[in-house]
Amino acid sequence: MSDTNTQRREFLKTSLGAAAVAIAPGMLLYSTANGKTEGASSQVRWGMLIDTTQCKPDCNDCVTACNTENGLSGGKSATDSQWIRKIEIKDVSNGRVTSLPMMCQHCEHPPCVDVCPTQASFKRADGIVLVDRHLCIGCRYCMMACPYKARSFVHETLTDQNPDVPRGKGTVEACSLCVHRIDKGQIPACAEACQNKAILFGNLNDTNSEIYNKVRSVASKQIRADLQLNTGVRYQGL
Amino acid sequence: MADLSALRSMNRLFYVLLAFGGLAALGGAYAVYMMEHHGHIISGMNNQIVWGMPHVFAIFLIVAASGVLNVASIGSVFGKAIYKARAPLASLLSIAMLSGGLAVLMLDLGRPDRIIVAATHYNLTSVFAWNVVLYSGMFSLVIVYLWTMMERRMNVFNKAAGLAVFVWRFVLTTGTGLIFAFLTARQAYGSALLPPMFIVLSFAWGLAVFHVVQAVIYVWNEKKLDPEILQRKKNLLGVFVIGSLYMVATYHFTNMYFAHQHGFELFILRDGGIYPNLFWWGYVVLGNVLPLLLIYAPGLGKSKCVMAAALLVVLGAFALLYVFIIGGQAYPLNIFPGYEVSSSFADGQIASYTPSIYEFLLGFGGLAIAFIITTVSVRVLNFMPQDKPYISD
């Protein structure tokens, strides 16, 4: 074998070795960072049953808990984000007043997901409707399409963000059902904070869950049921 | 020598016009920089009025860009000679206005730097995503169409390209109308009437813009438009204005028939403050009644009257779009039908909106882009309509 050939083989071997040494730590870090997480299951449908008879008009605990959990300012100006809000409704025909929390209803057929041009609005397999902040271009079409006004646009630079809940100026955001807590086996902050236990959170598909059985035993409503979006959030006592 | 000095002064005027256009475009760029830097907090838009003044400008430009092609279609598809002579200018205006409108729409995004995502992550169910294809397709088609008109060897494909543009622009304006028609939950939108309404509006707005530009080009070149041609064009404008008024009236009449829409109609047409004022005075009187008078009243209808009518139609277009887009969002979303509603998030309240200077700068920046493209192109290429002695066809 000629000298040149041997040299070439040696060179190729060394190059391959060097490349492997260079890439390996990166691959290791990548797999560590990503881990082998389990994806959301389509067997699950997360939802809420809100008992409006237990919701007190002057109580704002769910809103405060949401703001703290998700790092929202809690401001109420027209440009501030409000992922959950208390609404007072008065029946025009009889004057009956009801108070209730309103947030993303996590529809089975979400209009925001239909209209989003970039697939930034999406529905997870377990029914949670989310915004991918990396894909959102800030067109606000989802805000126009949402029948519940559940979404907010980030109008200015943010500071002191909660690392679990990254947000971004120029993108749209909404209640995530505290997805970061759900994935850790916890319940959403608003449900946890409600002293009157007006917010019942759980798996609407699980025959053993409290929410499954309660939705079957008490009369509950979907808001704007006429739109047939099959919301994950239901209201009792309306 | 007198001719030469006149030519020089025209030349100077061209650069002055270009400088004005450039300055306005620069103002738009400044607004984009400011909104990018500070966020939309410096605009008048908020979580209730999510689309504002930039969208009024952008939608006007895009709708007019489609409508102006009517002139070309009547020429290429229906074979009318006087329109055929104007097809290159109409196509140029279409490209110019589409560029301006899309620039405004894009630069108003919360993250305009991510615009490429619209191409890499495509959502088949989104009418916005469809429009990305429709707008870019229209752009390319009109360029090809222009090529078939301006390059002699390509002339054989002119008819086919003209037909393709004709079909495409109908689909495109349908797409623009569908953006609103698909918003089922909002009282102002969610009507199947909107796509055809936008198509007919585009006829009137496009022809009005075409007429203004054509008149300026004729004055610039010291030529006079054949009165016969002016007569036909002004009649066409009149018919389009009547047609669009009919569509807008039908949209409101159908709404008024539904009891659940009464509140919204009363707001837009009577109680909503600036919105009914803009609708009746801006759109109906200035944008329709006055132009129709200028076109059809005995003794009027001369070149200056038609120019004024065309300008008024454009003004009316802005008034209507403001009422439609801003007024439509200002009226509270009906989340609980049959209930009085109040909250910290403006539920049950009329949303307030004051456009900021940056929104106007961005909007005028879009107009400036259309203006610059038109002015430069008309200067360097031959877009002047070449009429043979007029014979009625």
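In chain B, the helices α5, α6 (117-120) and α7 (127-150) each supply at least two residues of the lining of the second largest pocket, where helices are DSSP runs of H or I of at least four residues, numbered from the N terminus. This is a predicted model, in which local features need pLDDT of at least 70 and side-chain atom pairs count only at pLDDT 80 or more, whereas totals for chains, interfaces and linings use all residues. Residues are numbered from 1 along each chain as its sequence is written, chains are lettered from A in the order in which they are written, and side-chain values use heavy atoms, with hydrogens and water left out.

**Second largest pocket**
- The volume of the second largest pocket is about 480 Å³, a volume being the space filled by probe spheres set on grid points that are joined across faces, edges and corners.
- A pocket is an open set of points on a 1 Å grid over the protein atoms alone, where a 1.4 Å probe fits and protein lies on both sides within 12 Å along at least five of seven lines, and its lining residues have an atom within 4 Å of a point.
- Of the 23 residues that line the second largest pocket, L102(B), M106(B), I115(B), V132(B) and Y135(B) lie nearest its centre, and α7(B) gives the largest share of the lining, six residues.

**Largest pocket**
- The largest pocket holds about 980 Å³ of space, and among its 32 lining residues V213(B), V216(B), F371(B), T374(B) and T375(B) lie nearest the centre.
- Helix α14(B) provides the largest share of this lining, with nine residues, while the helices of chain B that each supply at least two residues include α1 (2-38), α9 (194-220) and α14 (357-380).

**Nonpolar cores**
- In the largest nonpolar core, which has 172 residues, Y141(A), F60(B), F180(B) and W205(B) touch the most other members; such a core is a set of buried Ala, Val, Leu, Ile, Met, Phe, Trp, Tyr and Cys residues joined through side-chain atoms within 4.5 Å, and buried means under 20% relative accessible area with a 1.4 Å probe, protein chains only.
- Helix α13 (residues 303-330) of chain B gives the most to this core, namely 18 residues.

**Domains of chain A**
- Chain A is divided into domain 1 (1-36) and domain 2 (46-236), with bounds that come from an automatic or database domain assignment, and 50 Å separate the two domain centres, taken over C-alpha atoms.

Notes: Buried < 20%, exposed > 50% of the residue type's maximum accessible area, 1.4 Å probe, protein only.
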